[in-house]
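Please walk through this protein model with me, one region at a time.

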Amino acid sequence: MPEQAQDMSEANSVLEKVIQNARSIFPGFLISVLVALAAQFLSEHYGAPAMLMALLLGIALHFLGEDGPTVRGIEFSAKPVLRIGIALLGARISVELVSLLGLEVILLVVSGVVLTILFGLLGARLLNRGWRFAVLTGGAVAICGASAAIAIAAVLPKNSESERNLIFTVLSVTVLSTLAMIAYPPLTQFVVMGDIATGVFLGGTIHDVAQVVGAGFSISDSTGEIATVVKLIRVALLAPIVLMLSLFVRARFADSTEGKRPPLVPLFIIAFLVLATLNSCGLIPQIVADFLGAVSRWALLTAIAAVGMKTSLKSILSVGGQAIVLIVAETLFIATFIAGGILYLL
């Protein structure tokens with residue numbers, strides 16, 4: 001009986017801690033969700049990108065992330081919630097979709113992603129920017145915009161400029177992706193590209209998935225479908241690139257002063273790969289995959305709102321003109337590379 005009483009006491013103590021933590025997290029988490037809902041409302045009614053709206057609204061509420069009862073919940077939304085969102089992206093990936101395009105197109109898209117990141121590293125060196133910023137912007141442009149920026153930032157070693165650089169990257173790729181969604185479709189029609197070539201170009205160059213879908217289906221259904229599949233190839237590269245980056249960081253910063261080595265493989269990347277494998281094997285019903293995709297989108301929207309609340313506008317403006325030059329140059333590089341590959345292959 002005394003042992004049972006002790007076990008009950010320990011269980012009650014653990015439960016009390018869980019409830020206490022939940023109470024401390026709830027206000028900030030609720031604010032982040034409300035900002036995400038507001039951003040989605042603005043997106044649906046005024047056509048603005050939801051990610052951009054969440055980011056701008058979050059920045060406007062920066063004071064909530066500095067002090068007060070919302071700080072812990074905002075921190076929770078900006079880290080664990082975003083990892084959940086990234087992990088659930090795996091449910092949208094399948095080998096069957098990727099294999100529809102043929103090996104040459106797949107190699108073109110993969111090469112574009114890798115070379116854009118390498119171009120970013122070279123450009124950053126020429127512009128005297130750090131390698132962290134180069135990988136962050138290059139990965140965001142090359143893979144899937146804001147989602148890739150968030151995933152890469154999660155495994156990069158932190159410094160005083162980490163959050164500022166993340167906000168700048170998300171803001172920049174979202175704006176550039178929106179401009180590309182508007183400019184690229186008439187450009188492809190002007191140079192008389194067919195549906196396949198247009199789909200490959202749009203899916204291989206526009207940063208965010210939503211803008212790829214918007215640009216592709218504005219031309220035709222077949223163009224939209226091809227563009228979406230090409231874009232998902234780029235999204236599928238998120239896991240291996242983040243994994244390699246995580247291994248590099250683990251080896252490079254093993255003796256850091258913090259004394260804590262990063263995990264060999266981040267848990268959210270393992271979850272991403274597991275979901276992608278299950279989906280490729282046909283073990284995830286379409287209705288479940290659609291639900292997980294929706295949860296992923298809302299989690300990322302909530303996370304980016306929280307990241308916005310953690311960052312001041314003044315710190316974003318201090319990033320400098322060289323950073324803008326770099327991310328625009330990366331965008332032009334991948335567009336030029338994919339266009340050249342299409343002319344050669346198609």
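Thr137 sits in helix H7, which spans residues 131-142. In this predicted model, Thr137 is buried, with a relative accessible area of 0%. Leaving aside residues up to four places away in sequence, Thr137 touches Thr169, Leu326, Ile327 and Glu330.

Asn128 counts as exposed, at 67% relative accessibility. Its backbone deserves a look: phi of Asn128 is near 60 degrees, a positive value in a residue other than glycine.

Now take the whole chain. The protein has 17 helices and zero strands. Of its 346 residues, 49% count as buried. Consider the contacts with a separation of 6 or more: residues 24 or more positions apart account for 80% of them. The accessible surface comes to about 16,800 Å², and 68% of that belongs to carbon and sulfur atoms.

What lies inside? The largest nonpolar core has 87 residues. Those with the most contacts inside this core are Ile86, Ile143, Leu238, Val242, Phe268 and Ile304. Helix H8 (residues 146-155) gives the largest share of the core, nine residues. In soluble globular proteins, nonpolar side chains tend to be buried together. Leu238 shows the packing in detail. Beyond residues up to four places away in sequence, Leu238 touches Ile86, Leu89, Ile143, Cys144, Ala148, Ala151 and Phe272.

Cys144, one of those neighbors of Leu238, is buried, with a relative accessible area of 3%. Cys281, by contrast, counts as exposed at 54% relative accessibility. How many disulfides does a search of the whole structure find? The search finds zero.

Helix H11 (residues 209-217) shows how a helix can present one side inward. Val209, Gln211, Val212, Ala215 and Gly216 are buried there. Seen down the axis of H11, these buried residues fall within an arc of 160 degrees, so they line one face of the helix. An α-helix has 3.6 residues a turn, so residues three or four places apart point the same way. The buried residues of H11 pack against helix H9 (162-190), helix H10 (195-205) and helix H12 (221-236).

Ile25 is buried, with a relative accessible area of 17%. Ile25 touches Arg72, Gly73 and Phe76, not counting residues up to four places away in sequence. Ile25 and Ser77 are 52 residues apart in sequence, yet their C-alpha atoms are 8.9 Å apart in space.

The structure holds four salt bridges. Glu75 and Lys79 meet in one, at 2.8 Å from N to O. Glu75 is partly exposed, with a relative accessible area of 29%, and Lys79 is also partly exposed, at 37%. Glu75 and Lys310 form another, at 2.9 Å from N to O. Glu75 lies in helix H3 (residues 71-78) and Lys310 in the loop between helix H15 (286-309) and helix H16 (313-317), so this pair ties together parts that are 235 residues apart in sequence. Lys310 also meets Glu163 in a salt bridge, at 2.7 Å from N to O. That pair links distant parts of the chain, with Glu163 in helix H9 and Lys310 in the loop between H15 and H16, 147 residues apart. Lys310 counts as buried at 18% relative accessibility, while Glu163 counts as partly exposed at 33%. Together, Glu75, Lys79, Glu163 and Lys310 are linked in a network of salt bridges.

Methods:
Residues numbered from 1 in each chain as written. Predicted model: local features only at pLDDT ≥ 70, side-chain atom pairs only at ≥ 80, totals over all residues. Heavy atoms only, no water. Core = buried A, V, L, I, M, F, W, Y, C linked by side-chain atoms within 4.5 Å. Buried < 20%, exposed > 50% of the residue type's maximum accessible area, 1.4 Å probe, protein only. Helix = DSSP H or I, 4+ residues; strand = E, 2+ residues; numbered from the N terminus. Contact = heavy atoms within 4.5 Å. Disulfide = S-S within 2.5 Å. Arc of directions from axis to C-beta. Areas by Shrake-Rupley, 256 points an atom, 1.4 Å probe, with all protein chains shown as cover. Salt bridge = Lys/Arg side-chain N within 4 Å of Asp/Glu carboxyl O.
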